[in-house]
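This report covers selected local features of the structure shown below.

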Amino acid sequence: MSDLDREMGTFLILLRNKIRNVPISIAALLALLPLVPVALWSVSGSWRFPALWPEAWSLRGFRHLAEPGTRFAEALATSLGIAVAVTAASIVVALPAGIAIGAHRFRLRNLVILIVLLPILVPPLAVTLGIHGAFIQLGLADTAVGVILVHLVPAVPYAVLILASVFASRSGEIEATARTLGAAPWQAFLHVTLPQIAPGLAVAALLAFLISWSQYILTVIIGGGSVLTLAMLLFSAASGNDPVVTGALAVVFALPAVTALLLVLRLLRPRVDRAPALDRVRWAPGSN
Amino acid sequence: MQAFTRLANTGRLKPALRVQLMVAAPGRNTGRTVGRNVGRTSVRRLFDLPAAISMAALAACAPNSDEAAASAPDIRSAPWATIVESARGSEVNLFMWGGDQGYNDYVDAFAAPELSRRYDITLIRTPIANTESVVNKLLAEKRASRERGSVDLVWINGHGFATGAQAELWFGPWAERLPNAKYIDWQSPAINRDFGHPVEGREAPWSRAQFVLIYDSAHIDDPPASLPALLDWAHANPGRFTYPAPPDFTGTAFVEQAFILLTGESFQGPFDEALFEILAPKLWTYLNALEPHLWRGGETYPASAPKLNELYGQGEIFMTMSYNPHFAQHQIDDGLFPASTRSFVFEAGTLHNTSYLAIPFNAPNGPGAAVVANFLESPAAQIEKQKALGALTVLEPERLPQAEHAALSFAAGLATLPLDVLESHRIPEPGSEWIVPLQRGWHEHVARE
């Protein structure tokens with residue numbers, strides 16, 4: 001193979017990958033587009049119809065968030081803490097479930113899948129009203145622990161779905177090889193399975209995080225206002241008459257989602273599988 | 001381990017056991033809907049193991065203040081000095097709609113520091129997107145017989161209060177025995193009835209709103225102060241008047257206003273379908289006569305009050321309306337309305353309502369809540385509120401010392417009507433049950449025809 005052929009081959013592979021990236025890029029653009037006016041509102045001093053851009057700029061919205069009575073810092077910390085806890089708990093529950101459903105065939109498997117999916121099939125509001133009654137009895141209503149538990153209801157099914165599909169696409173041969181070379185099951189899991197499912201695990205974790213982060217109605221019912229999250233501050237501001245403060249809250253609220261979106265895009269980006277060596281050697285610096 | 005010991009000591013295991021029993025014997029408390037049953041089942045599934053752990057965590061986090069609550073004075077009967085003493089050093093959770101930045105800032109920057117300075121009370125404002133969610137939360141707590149809730153004080157009026165009153169969610173009576181209640185006219189139906197529902201001392205008046213019409217004096221010399229005059233004016237000035245389509249709050253208020261003025265009824269009682277069927281055609285006839293002279297020939301209506309104000313600000317229409325009598329002046333000050341903007345009210349009066357502070361049946365800090373409510377209706381707090389927000393006072397100016405009387409009577413700017421003009425042109429808000437039929441009827445008989 002001549003140098004030129006090699007160059008052409010690499011170029012074609014990269015071109016194909018770029019084209020494959022186009023739909024993802026369009027999706028990302030569509031997802032980010034609605035945030036533009038919100039971001040503009042958050043720093044606008046005066047913006048009246050029919051002006052296309054704000055006529056004056058100000059940091060009033062963000063300054064407002066810093067005032068103590070708005071409880072912004074508290075809500076941010078609460079949202080983060082709850083979302084991190086929900087993410088951790090979701091993965092702990094979903095990983096074994098995903099392995100079982102994805103990698104194993106057993107009796108009543110379909111029934112198990114149905115039960116796992118039930119929380120997203122049944123309207124969550126109807127379920128939550130019942131949960132609320134029970135949580136009041138248990139002393140879990142109006143507590144962060146209760147809110148974390150109720151966030152798991154929508155978060156776990158999605159995490160299980162993602163992890164099950166990750167394990168369904170794996171044959172388990174590499175683990176078997178590791179076992180024949182003397183690795184204990186936990187060693188095979190730690191050193192073989194875990195690195196390989198890391199991207200899938202990350203997507204499941206991000207999704208669980210975002211599901212918790214964006215919950216409003218479940219938090220309001222179970223947290224009863226005593227557990228104040230960023231989503232609640234945002235909804236209450238959005239029900240009112242100050243688009244600048246609402247915009248500032250929305251920008252902060254959207255940050256993790258946008259970050260997560262970009263991370264997921266990186267993780268889902270098609271790999272250059274066929275000719276890794278070529279790609280690395282000739283194009284890697286600065287190309288990807 | 002320490003947490004578990006505490007758990008046992010505080011007796012918090014008992015509720016957990018009760019739920020176990022309830023799940024085991026579903027006949028005892030049958031859920032009304034499928035959803036509730038599903039919820040219960042999934043709770044049991046979730047809770048077999050984690051319950052004990054989370055309960056322990058909870059017991060470790062929750063401050064043990066049950067003893068304090070047990071010895072708290074009853075705000076319905078205890079001497080005021082005892083109530084104030086018991087409230088000292090406590091926290092009060094105020095749940096209020098968070099959409100009005102003016103009110104938010106007033107509570108955060110004025111009320112909270114003053115309460116801390118005067119009474120050593122920490123006021124915690126929880127912003128909520130709508131007050132109904134608090135009422136629903138309290139309803140659920142009532143159903144579950146939860147004796148100790150988390151809300152001390154709610155800013156409320158109208159439908160939310162009536163719903164809560166029917167379910168006995170409000171503590172009381174306490175509001176009429178607050179020291180500052182002497183400045184309030186509890187004999188007036190504008191105070192002792194909330195959208196037609198009897199208050200009976202279960203909520204303390206905090207603020208007032210009154211509907212005003214707003215016009216541009218550069219285009220209108222003499223604003224039409226009655227409905228027939230408004231129709232004539234719209235006829236002579238086609239396209240210069242409109243109102244927001246219900247169910248917008250302001251648009252609904254305009255329709256209610258017209259209903260009352262055209263029929264001469266006040267609709268304070270419960271909804272009466274027969275009466276509504278007889279009287280409503282008068283309203284539809286008037287609004288349909290007005291329609292062809294409206295902005296864009298009445299083919300479409302602005303979707304909200306901000307849209308209406310935008311049209312007015314750009315000079316497309318010559319009149320707008322608001323439920324805040326100081327709104328026009330605020331808009332002039334912000335450069336949004338022309339300086340020639342003025343307010344007026346119908347000769348027969350305009351809608352007016354009072355908003356209140358209520359204490360839930362299971363408020364953890366009743367004395368603190370009463371002290372906060374009393375402070376918020378004090379002359380000092382009411383004067384500051386009128387100055388900062390333009391919100392009308394709930395006090396009777398004549399009952400106040402001279403200096404405070406003067407401070408409240410001061411009209412803030414040319415576009416604001418003086419307090420005595422507003423006071424002498426007041427119509428109470430109709431009962432909340434009348435609102436939905438009016439909104440539905442408007443869509444059927446006015447928007448569609």
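## Strand β3 of chain B

In this predicted model, L94(B) stands opposite L153(B), a residue of β3(B). The strand that pairs here with β3(B) (residues 153-156) is β1(B) (residues 91-97); the two run parallel and are joined by two bridges. β3(B) also pairs with β10(B) (residues 350-358), in the antiparallel sense and over three bridges. In that pairing, W155(B) is opposite L357(B).

Side chains in a regular strand alternate between the two faces of the sheet. In β3(B), L153(B) and W155(B) point one way, V154(B) and I156(B) point the other way, and all are buried.

## Surface patch on chain A

A nonpolar surface patch is formed by L108(A), L111(A), L114(A), I115(A), L118(A) and L121(A), with about 550 Å² of accessible area together. L121(A) belongs to helix α5 (residues 109-121) of chain A. The relative accessible area of L121(A) is 55%, so this residue counts as exposed, the cut-off being over 50%.

## Backbone exceptions

Most residues other than glycine have a negative phi, and most peptide bonds are trans. D142(A) has a positive phi near 65°. It lies in the loop between α6 (124-138) and α7 (144-168) of chain A and is buried, with a relative accessible area of 12%. E168(B), with a phi of about 55°, is in the loop between α9 and α10 of chain B; this residue is exposed, at 57% relative accessible area.

The peptide bond from G172(B) to P173(B) is cis, with omega near 0°, and P173(B) is in the loop between α9 (159-166) and α10 (189-192) of chain B. Another cis bond joins P246(B) and P247(B), with omega about 15°; P247(B) is in the loop between α11 (227-236) and α12 (249-263) of chain B.

Technical notes:
Residues are numbered from 1 along each chain as its sequence is written. Chains are lettered from A and ligands numbered from 1 in the order in which they are written. This is a predicted model: local features need pLDDT of at least 70, side-chain atom pairs count only at pLDDT 80 or more; totals for chains, interfaces and linings use all residues. Side-chain values use heavy atoms; hydrogens and water are left out. Patches are made of residues with over 30% relative accessible area and no salt bridge: like charges are joined within 9 Å, nonpolar side chains (Val, Leu, Ile, Met, Phe, Trp, Tyr) within 5 Å. Accessible areas come from the Shrake-Rupley method with a 1.4 Å probe; for residues, only the protein chains shown count as cover. A salt bridge is a side-chain nitrogen of Lys or Arg within 4 Å of a carboxyl oxygen of Asp or Glu. Helices (H or I, at least four residues) and strands (E, at least two) are DSSP runs, numbered from the N terminus. Buried means under 20% relative accessible area, exposed over 50%, partly exposed in between (1.4 Å probe, protein chains only). Two strands pair if DSSP finds at least two bridges between them.
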